[in-house]
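Dear colleague,

Here is the structure I said I would pass on. My notes on it follow below.

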Amino acid sequence: MPLSEHEQRLLEQIERALVDDDPKFASSVRTGDRRQKARRMLQLGGLLVLVGFAVLVAGAVTSSVPLGVLGFLVAFGGATLGVLNYRAATGAVVESAGPAGPRGSSAAGRGGRTRGRQPMKSRLEERFRRRYDQ
């Protein structure tokens with residue numbers, strides 16, 4: 001869905017303010033697409049899992065304990081890399097029970113994810129307006 005002219009102007013103003021306030025952060029954000037980098041890391045994790053399992057099986061076939069341990073560690077590292085980058089790569093929302101447990105008194109039970117994107121956008125716009133109205 002394309003942005004309206006008003007939204008494009010607001011976005012340009014926010015970008016200019018960001019560059020003025022924190023040029024180092026702005027340059028790091030501009031360097032590339034985080035989702036694409038996370039997808040690459042997710043693919044690398046999957047490849048490491050496959051290679052690790054192959055080394056693990058080779059260790060079992062040759063009765064080499066160090067080779068089996070190495071295969072396990074490579075597979076575990078690949079799985080860890082995949083899990084850590086899954087959310088950023090796919091944009092999936094991972095909900096957990098949190099410290100309150102499954103009783104329903106956590107933020108998810110109170111509707112913590114029901115706010116969606118609109119209220120956050122509204123809050124940011126309001127903050128931006130207040131900053132430049134001063």
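Helix 3 (residues 34-61) has 28 residues and spans 40 Å from its first C-alpha to its last, close to the 40 Å expected at 1.5 Å a residue; the expected span is 1.5 Å times one less than the number of residues. Helices here are DSSP runs (H or I, at least four residues; strands are E, at least two), numbered from the N terminus.

This is a predicted model, in which local features need pLDDT of at least 70 and side-chain atom pairs count only at pLDDT 80 or more, while totals for chains, interfaces and linings use all residues. Residues are numbered from 1 along each chain as its sequence is written, and side-chain values use heavy atoms, with hydrogens and water left out.

The buried residues of helix 3 are Ala38, Gly45, Val49, Gly52 and Gly59. Buried means under 20% relative accessible area, exposed over 50%, and partly exposed in between (1.4 Å probe, protein chains only). Helix 4 is included in what covers these buried residues. Just after helix 3, Ser63 has a positive phi of about 55°.

Overall, the protein has five helices and zero strands. Of its 134 residues, 16% are buried. Among contacts (heavy atoms within 4.5 Å) with a separation of 6 or more, 56% are between residues 24 or more positions apart.

The search of the whole structure gave one aromatic pair. The ring centres of Phe72 and Phe76 are 6.1 Å apart and their planes are at 20°, so the pair is stacked. The rule takes rings of Phe, Tyr and Trp (its six-membered ring) with centres within 6.5 Å; planes under 30 degrees apart are stacked, over 60 edge-to-face and the rest tilted. Both residues are in helix 4 (residues 65-90), four residues apart, or about one helical turn. Phe72 is partly exposed at 47% and Phe76 is exposed at 52%.

There are three salt bridges, each a side-chain nitrogen of Lys or Arg within 4 Å of a carboxyl oxygen of Asp or Glu.

- Asp21 and Arg131 meet at 2.9 Å, N to O. Asp21 is in helix 1 (residues 5-21) and Arg131 in helix 5 (residues 118-133), so the pair ties together parts 110 residues apart in sequence. Asp21 is exposed at 51%; Arg131 is partly exposed at 46%.
- Arg129 and Glu125 meet at 3.7 Å, N to O, and are about one helical turn apart in helix 5. Glu125 is buried at 19%, whereas Arg129 is partly exposed at 36%.
- Arg130 and Glu126 have their closest N and O atoms 3.9 Å apart.

Regards
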